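Visitor: I would like to learn how to read side-chain features in a model. Please take me through them in turn.

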Amino acid sequence: MKEKKTIPQVGFVSLGCPKATVDSEHILTRLRAEGYAISGSYQEADLVVVNTCGFIDSAVAESLDAIGEALQENGRVIVTGCLGAKGDIIRQTHPKVLAVSGPHATDEVMEAVHAHLPRLHDPYTDLVPPQGIRLTPRHYAYVKISEGCNHRCTFCIIPGLRGDLVSRPVGEVMLEAEKLVESGVKELLVISQDTSAYGVDVKYRTGFWGGRPLKTRMTELAAAMGSLGAWVRLHYVYPYPHVDEVIPLMAEGKILPYLDIPFQHANPRILKLMKRPASSDNVLARIRQWRETCPDLTLRSTFIVGFPGETEEEFEELLDFVEEAQLDRVGAFAYSPVEGATANALPDHVPPEVQEERLARLMLLQEEISEEKLRAKVGKTMTVLVDELDEDGAIARSAADAPEIDGLVYIDDDGSLEVGDLVEVTITDSDTHDLWAEVAK
Ligand code: SF4
């Protein structure tokens with residue numbers, strides 16, 4: 001018989017003034033609404049929330065004593081309330097507390113509770129499955145880690161539409177990723193407007209996941225996600241210096257050796273007009289270094305051609321960069337004046353026919369590069385993830401291919417493969433974008 005899951009129980013200690021009491025009521029309401037039981041004893045509780053007061057010295061002492069008692073009697077304690085605003089005092093006196101937040105912090109308390117005591121999924125009352133409702137196939141899923149963007153690239157209106165960067169709490173992101181992997185997801189695709197900025201808005205705050213502290217920062221998040229046993233693919237990584245830190249994780253096989261990093265252009269003047277980081281020499285040196293650290297690295301980037309004011313020489317500089325960088329995947333777009341973008345006010349817009357001609361030249365060059373790179377894979381053995389079955393066998397992707405945007409690996413097979421399988425194949429043929437393979441012997 002299936003084991004009955006027990007309802008998670010939270011103990012609650014509420015100290016302080018009526019405002020603190022109201023905070024406690026909010027937290028208790030949320031806990032009950034989410035199906036947690038409120039326990040009257042330390043022994044039965046799975047963890048204890050202590051809502052503290054820090055108004056005068058005696059209140060501080062009382063709060064610290066209450067935390068100490070909860071730690072001694074139960075061991076798993078989340079602290080919130082006025083004394084929580086002075087987190088140092090609490091952490092110095094009681095370093096074992098699981099999380100600390102200030103007053104009126106219901107969301108943060110709930111986040112800590114979720115991280116340390118996941119709530120039960122109730123199929124009768126919960127309208128969504130534990131891993132959420134997804135539009136992607138069962139074996140891969142997008143995980144959005146933040147919303148908005150602090151940059152002001154002149155061709156883009158996203159910050160105007162979605163506002164400045166707001167990072168999701170790291171514990172919440174990890175819990176979601178964990179549930180996805182538990183539900184059978186084999187590949188997590190990390191997305192945002194600016195993945196490498198993750199945590200900047202919260203000063204890389206330390207959150208919690210599985211009882212351990214975890215910084216709200218791309219490198220730490222990538223390493224933690226990499227420990228879940230699924231493929232982890234990073235998208236939309238703005239070329240900040242600390243991107244260098246994730247390359248060793250790729251070399252060690254913790255996350256996929258795949259970096260989707262939009263460079264947009266190579267000419268310093270155009271990059272400056274775009275308000276993007278402006279040093280293609282530096283970028284080329286970094287790419288060399290990345291490949292030295294992680295020879296299997298797949299680099300994907302996007303470029304805008306025909307940006308206002310782009311001269312033929314400046315475009316050729318971009319072509320030289322693309323030739324030199326030998327990127328694996330490139331998406332290119334002719335500049336188009338999106339309503340509200342500040343670049344629209346720049347002088348010397350490039351005529352559409354010139355834009356199209358430049359786009360075609362760039363894509364032609366990249367096709368040659370791509371063809372050669374894929375040809376070099378023939379004869380190699382690699383792991384691929386099966387996306388679909390067809391009459392000839394299966395359609396899959398390698399570590400170098402993100403769904404929808406990159407290439408495919410067509411596997412000749414007699415029907416033994418299933419969607420979602422990770423399988424070793426030997427590459428037998430290639431063209432400009434895709435590979436053909438057979439299951440490795
Ligand atoms: S292009 Fe990307 S980095 Fe630049 S403003 Fe838009 S969302 Fe932000």
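Guide: What follows covers the ligand shell, the aromatic pairs and the charges over rings. Keep in mind that this is a predicted model.

Visitor: Which residues surround the ligand?

Guide: Begin with the list of neighbours. Here the ligand is surrounded by Cys149, His151, Cys153, Phe155, Cys156, Pro159, Gln193, Tyr238 and Arg276.

Visitor: How many residues of that shell are nonpolar, polar or charged?

Guide: The shell around the ligand has six nonpolar residues, two polar and one charged.

Visitor: Now the rings. How many aromatic pairs are there?

Guide: Ring centres must lie within 6.5 Å for a pair to count. By this rule there are six aromatic pairs. One of them joins tyrosine 140 and tyrosine 142, whose ring centres are 6.2 Å apart. Their planes stand at 90 degrees, so this pair is edge-to-face.

Visitor: What is the geometry of the pair phenylalanine 303 and phenylalanine 321?

Guide: The angle between planes sets the class, and over 60 degrees counts as edge-to-face. Phenylalanine 303 and phenylalanine 321 have their ring planes at 70 degrees and their centres 6.1 Å apart, so the pair is edge-to-face.

Visitor: Where do these two phenylalanines lie in the fold?

Guide: Phenylalanine 303 is in strand 14 (residues 298-305), and phenylalanine 321 is in helix 11 (residues 312-325). The pair therefore ties together parts that are 18 residues apart in sequence. Phenylalanine 303 is buried, at 0% relative accessible area, and phenylalanine 321 counts as buried at 4%. Together with Phe263, Phe303 and Phe321 form one aromatic cluster.

Visitor: Which arginine lies over the face of tyrosine 204?

Guide: For a charge over a ring, check the distance to the ring centre, which for CZ of Arg must be within 6 Å. Arginine 217 lies over the face of tyrosine 204, at 5.5 Å from the ring centre. In another case, arginine 233 lies over the face of tyrosine 258, with 4.5 Å to the ring centre.

Visitor: Is arginine 233 buried or exposed, and which backbone oxygen lies 3.4 Å from a polar atom of its side chain?

Guide: Arginine 233 sits in strand 12 (residues 231-234). Its relative accessible area is 0%, so arginine 233 is buried. The backbone oxygen is that of serine 398, 3.4 Å from a polar atom of the arginine 233 side chain.

Note on methods: Residues numbered from 1 in each chain as written. Predicted model: local features only at pLDDT ≥ 70, side-chain atom pairs only at ≥ 80, totals over all residues. Heavy atoms only, no water. Near = heavy atom within 4 Å. Nonpolar A, V, L, I, M, F, W, Y, C, P; charged D, E, K, R; others polar. Helix = DSSP H or I, 4+ residues; strand = E, 2+ residues; numbered from the N terminus. Buried < 20%, exposed > 50% of the residue type's maximum accessible area, 1.4 Å probe, protein only. Polar contact = N/O pair within 3.5 Å; in protein donor to acceptor, adjacent residues only side chain to side chain. Phe/Tyr/Trp six-rings, centres within 6.5 Å; stacked < 30°, edge-to-face > 60°. Lys NZ or Arg CZ within 6 Å of the ring centre and 35° of its normal.
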